[in-house]
Every structure is written in C-alpha cells, then in structure tokens.
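Here is a short report on how one protein chain holds together. Look at the model first, then read on.

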Amino acid sequence: MIAFAFFGCRQTGTKQMPPVNVEVVNVKQQNIVEKVDFVGEVSGYQDISIRARVPGYLESVHFKEGFPVKKGQLLYTVDKQVYEAEVAAKQSLLAEARSQFAKAKSDFDRYKPLAESNAVSKADLDAAKLQYDAATSMVEAAEANLEIAKINLSYTQIKSPIDGIIGKSLADVGELVGQYPIVVLNTVSKMDEIFVEFFLPENQYLRVIKMADNSKEIFDESRYFREDLELVLADGSIHDYKGSVTFIDRGVNSNTGTILVQTHFKNPDRIVRPGQYAKVRIPIEHKNALLIPQKCIKELQGQYSVFVVNPENKVETRQITPGNKIGDLWLIKDGLQAGDRIISEGLQKVKNDMVVNPTVVEFNSQYHEQ
C-alpha cells in the first residue's frame, strides 16, 4: 500500500509540472532600408591619354608630374627641325604654284577678248582655260600640303586637352616617340567628378532586383538623378558626397556572367583618385517587411520553420518561406503575419502542442542602417 501510494503521488506530480518558460518575440512589420555593397574601380570623369601625334625625339618636358595642368598648357616638345623644313619646302612649292597660276591667268585673260574677235582660235582659248584650271588646282593642292605641314609642325608641341591632374611621364627626354607602337606619354584626369564602375554578377543582379518591392525603382531612368548612393573607401570611411547610377549595360556578358554598372560621384577635394577600389553602397528599400531574428529559424533539408505560440500558449510548428538576410534579421515572404509570437530562446525544450509560459522580449538587432 505504501509503494502504491508513493507511485501514485509521483504520477500526480508529473502531470502537474509547470509549463516550460520560453522567450518569444513578436513578428514586426516595418519599412527597412538594406544597403548592399559592390566593389568597383574608380576612374576620372575624363581620363585623357597624351600621345605624340608625329614621330620625333622628345626634346623637353614643361610641367611638374602629379600636379594640376590647364587646358592648352604646353606639356611636351618634340624635335621640330624636320617639320620646320617641311613647312619651308611646302611654302616654296606654293610660291611656285602661285607663279604658274599668275601666268596661266594672264594668258587666259588675254585670250578671252582675242577669241571674241576671232583673233585667236577657239582651241587656243580652250588650251589657255585648261592651263588656268590646272594652275588653280595646283595652288589649292600646294596650300593644302602647306596646311598639313603646318599642322604636323604644331603637333611637335603637345598641349593638355583638359584641366586636370597629370601623372608620371612614361617617356624620357631623348626618346623617340610618335611612331608604332605608339607610346602613351602620360594621362591627364579630370577628378572634380569621378566614375565608379563595377561588374554585377548575374545572381547578385537577380537578388538586387528581387529585394525591391518594385524592381523598376532600382535601375530605371528616373533613379539615375537621385543622389542616394554611398561610396565606401578602402579605410572604411564614407565619401563626403553621394552619387547616382549613370549607366547600366544593356545585357549580361555571356563570357563572365556579369553586367556593367557605372555610378557617378562628385569629388571637389580630389581625395578619391583614379585606379582606387571602393565599395558602392546601394540602398534597397523593403516596404512593410516582416522581420524576425535569424536565430528563431530552424532549417532541415531545405525546409524552414519556426515555433509559434498561439493565443492558448500552445506551441505550433509553422513552415515559412524566408527571403533575404538583413544583418541578423531575416525577411519573411510567407508563413507569418505581424503580431505572431515566435520562440527565440529555448527552442530545444519545446515541441508541437506543448503548453509553455511565454515571456515577450524585445530583440536588439545588431543591424543598423548605415
């Protein structure tokens, strides 16, 4: 009897065990902006290569490397003796052509009244006219040749095509330049504004498109003029000026599986230089998004679920469809609604249909819109 009484008491005690204490968080519906980073390369608003347009020996350099230059400023001088001689020769040929033209014109002018009075034959007049036309063409050709010679002479003075900062010379005084293969002497960059280009992999492109409630909002023409992009520099600092998308290639490169995107930023302090690598941070807005902590989600063979505590404080297993991860949060596409209570701590202690004692806690997300 004593043993029976003891066994009965133990059974009664088991049935009266208190509900398991668990912590739950409420599913929140809110607008959130996710900022996605893409690594890109910086180029100047204009990066102009400086080349010699005529062959010759580099005679002198007229600038300080790495410093600003002005449009039209003399940068290099190529030996011009050959081109000065060519101009002189063309001037001589032009003078000869003009002399022949003067004689032909004089003959033609003299033959015209004589032909009208039949003092000379029509054939003589035609011959004079042909000489006159030929002399005219010779003068025009000589003038054109002289102009070409003068242009080539002017090319011996290499000037800056834009205002900008010039780099280091890639040729030294005395080197032969301007003949194949054409050597780039230097580069002048306009850096008050910069472009940052990056290649967006196809899978990331699809991810970015699917992030937004309206995909047209990301890359359509109206967005190009919005100054809402950020530039993250190599040291982690944020560029002082925001930028915008200026170009998206028409399609995905079939060889690399990427799409080219170009962005534009102001750079009046010229801190950012061409050739740097930087991250373009694009804000993606999620409207009325359902967000829960990642630690609340269980994954088994590609299926995702959470424990939901119903109004009777019973545990229910709920299958969900998660979207993108945003920091330590997970965006939920389907399976939950705002206000649902999901277990965040004590997942190992509960199972389906178990009665629990829930305590609502506030989840302090480590994700902050930067």
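## A bridge across the chain

E362 counts as exposed, at 52% relative accessibility. The cut-off for exposed is over 50%. This is a predicted model. The side chain of E362 meets that of K28 in a salt bridge, at 2.2 Å from N to O. K28 is partly exposed, with a relative accessible area of 38%.

Why does this pair tie together parts that are 334 residues apart in sequence? K28 lies in strand β2 (residues 28-51), while E362 lies in the segment after β19 (356-360), so the bridge ties those two parts together.

How many salt bridges does a search of the whole structure find? The search finds 18. One of them joins E230 and K242, at 4.0 Å from N to O. This pair links distant parts of the chain, twelve residues apart. E230 sits in strand β10 (residues 230-232), and K242 in the loop between β10 and β11 (243-248). E230 is buried, with a relative accessible area of 10%. K242 is partly exposed, at 42%. K35 joins in too: K35, E230 and K242 are linked in a network of salt bridges.

Another bridge joins D340 and R318, with the closest N and O atoms 3.5 Å apart. D340 lies in the loop between β17 (329-334) and β18 (341-345), and R318 in strand β16 (residues 315-326), so the pair ties together parts 22 residues apart in sequence. Is D340 buried or exposed? D340 is buried, because its relative accessible area is 13% and buried means under 20%. R318 counts as partly exposed, at 24%.

The largest nonpolar core has 20 residues. Those with the most contacts inside it are I194, V196, F198, L231, V280 and I282. Which strands each supply at least two residues of this core? They are β2, β9 (184-201), β11, β12 (258-266) and β13 (277-293).

Now take I194 by itself. Neighbours within four places in sequence are left aside here. The contacts of I194 then include V42, Y45, L231, F265 and V272. S43, G44, T263, H264 and N267 are also in contact with I194.

There is a second, separate core of 15 residues. Among them are A52, Y76, A171 and V188.

## A helix and its partner

Helix α2 (residues 81-116) has 36 residues. Its first and last C-alpha atoms are 53 Å apart, close to the expected 52 Å. Several residues of α2 are buried, including Y83, V87, K90, L94 and A97.

What do the buried residues of α2 pack against? They pack against α3 (122-154). An α-helix has 3.6 residues a turn, so residues three or four places apart point the same way. Just after α2, N118 takes a positive phi of about 60°.

## A strand with two partners

Strand β5 (residues 74-78) is mostly covered. Four of its five residues are buried. β5 runs antiparallel to strand β3 (residues 56-61), and three bridges join them. β5 also pairs with strand β6 (residues 157-159), again in the antiparallel sense and over three bridges.

Follow T77 in β5. S60 stands opposite T77. T77 also stands opposite Q157 in β6.

Technical notes
Residues numbered from 1 in each chain as written. Predicted model: local features only at pLDDT ≥ 70, side-chain atom pairs only at ≥ 80, totals over all residues. Heavy atoms only, no water. Buried < 20%, exposed > 50% of the residue type's maximum accessible area, 1.4 Å probe, protein only. Core = buried A, V, L, I, M, F, W, Y, C linked by side-chain atoms within 4.5 Å. Contact = heavy atoms within 4.5 Å. Expected span 1.5 Å × (residues − 1). Pairing = 2+ DSSP bridges.
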